[in-house]
Amino acid sequence: MRLPREEQVVRAICSDKFDRSNGRVSPSLFKGPNTSVSRLAVIPLSLQWRKLAATVQKLPGRKLEQLGEIGVGPLEDLGLNYVANGIPMKVALSVVDDPLPTNEAHAVIPENITAGLGSAICRALKFHELPEGFSPEQIERVR
Amino acid sequence: MPALDETLETRVAIGQWLAPQTTLQWTIPHVTSWMESSVPPELPGIVYAKLGDAAWQRFNDFSRWPDGWAGPHSHAVAWGTYQNLGKFLSAARFVTGRPPPSLFVTDDGMLELSWEARDGSTINVTLTPEGADFFIEARGEEAHVQSEGLGELAERCHQATA
């Protein structure tokens, strides 16, 4: 089911896509087809951390660092207004629900996203830092 | 005339790289092929010299991650991608006195460099086993080059940065 424009989704930002030394986020956070996101309408932000950390922290050195939030409507608008090499691309982005046993709020952006469009999406994100008192070590114990 | 801290030069001469010898003892991760996971011996030194300590630490982490590190469709960094990162970095010139490019890894095992031009626009180069995908925001340019074109791409990125 395609999600309505009013919904908000978050993307887990792990250390492979976030450079804490200078605060940069990788444009490939949103790149390629089938980008995973998680719906705030199903699991509220305060509970997303534990859910996402348990699924993404599986290797030494890979940690959940932030969550990036964006609305479905603004995401669709970014695709429709994207211009590459001087040509309006009119990318028809959508977000589709895709619940998993490990995350009932899971959804995907099925369409292919290029580096340029990925950069534009990253700029539009609202970033959420790890909540106070929720250390990476704690998260690892949850796993 | 550029300010001293903006002189274009390599951050640390590669011949002066003095990382502890223990850091060169790479642990090969659990992957399907030794060749796919092998890091060219000179590459850690090039990464350190051109991108600095933070990127070198990240490179160390990424090079240990096996196939499946970010889910069933994710891949370890391929041998050809390491080769192309080395080619690109060897030709690249970054402005000192500004944050060096950040190193990232994509879910399909490509190595990605991202930094800003003087006007704040993004430059993004994703090294693949075949060459590189690049995005130069200020020029609205998004394309692919083969391995032979990496030196020329490095120069284009330098011009776009300055």
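**Close-up views of a two-chain predicted model**

**View 1. Helix H5 of chain B and its packing partners.** The buried residues of H5(B) pack against H4, S3, S4 and S5 of chain B. Buried means 20 or more other C-beta atoms within 10 Å of the residue's own, exposed means 12 or fewer, and partly exposed is in between, with C-beta atoms placed from the backbone. Helices (H or I, at least four residues) and strands (E, at least two) are DSSP runs, numbered from the N terminus. This is a predicted model: local features need pLDDT of at least 70, side-chain atom pairs count only at pLDDT 80 or more, and totals for chains, interfaces and linings use all residues. Residues are numbered from 1 along each chain as its sequence is written, while chains are lettered from A and ligands numbered from 1 in the order in which they are written.

View 2. B:Leu150, B:Leu153, B:Ala154, B:Cys157 and B:Thr161 are the buried residues of H5(B). They fall within an arc of 105 degrees seen down the axis of H5(B), so they line one face of the helix. The arc is taken over the directions from the helix axis to the C-beta atoms. B:Glu152 and B:Gln159 are exposed on the other side of H5(B).

**View 3. The largest nonpolar core.** This core holds 41 residues, and B:Val47, B:Phe88, B:Val125, B:Ala132 and B:Leu153 have the most contacts inside it. A nonpolar core is a set of buried Ala, Val, Leu, Ile, Met, Phe, Trp, Tyr and Cys residues joined through C-beta atoms within 7 Å. In chain B, the elements that each supply at least two of its residues include helix H2 (43-51), helix H4 (79-91) and helix H5 (150-161). Another core, of 29 residues, lies apart from it, and A:Cys14, A:Val25, A:Leu29 and A:Ala53 are among its members.

**View 4. Surroundings of B:Phe88.** Neighbours within four places in sequence are left aside; B:Phe88 is then in contact with B:Val125, B:Leu127, B:Ala132, B:Leu150, B:Leu153 and B:Ala154. Contact means C-beta atoms, placed from the backbone, within 7 Å.

**View 5. Where chain B touches chain A.** Here 21 residues of chain B are in contact with 20 residues of chain A. On the chain B side, H3, S1, S2, S3, S4 and strand S5 (141-146) give two or more residues each.

**View 6. A:Asp16 in its loop.** A:Asp16 sits in the loop between strand S1 (8-14) and strand S2 (18-19) of chain A. It counts as buried because it has 28 C-beta neighbours inside 10 Å. Beyond neighbours within four places in sequence, A:Asp16 is in contact with A:Arg62, B:Phe62, B:Phe104 and B:Val105.

Note on methods:
Two residues are in contact if their C-beta atoms, placed from the backbone, lie within 7 Å.
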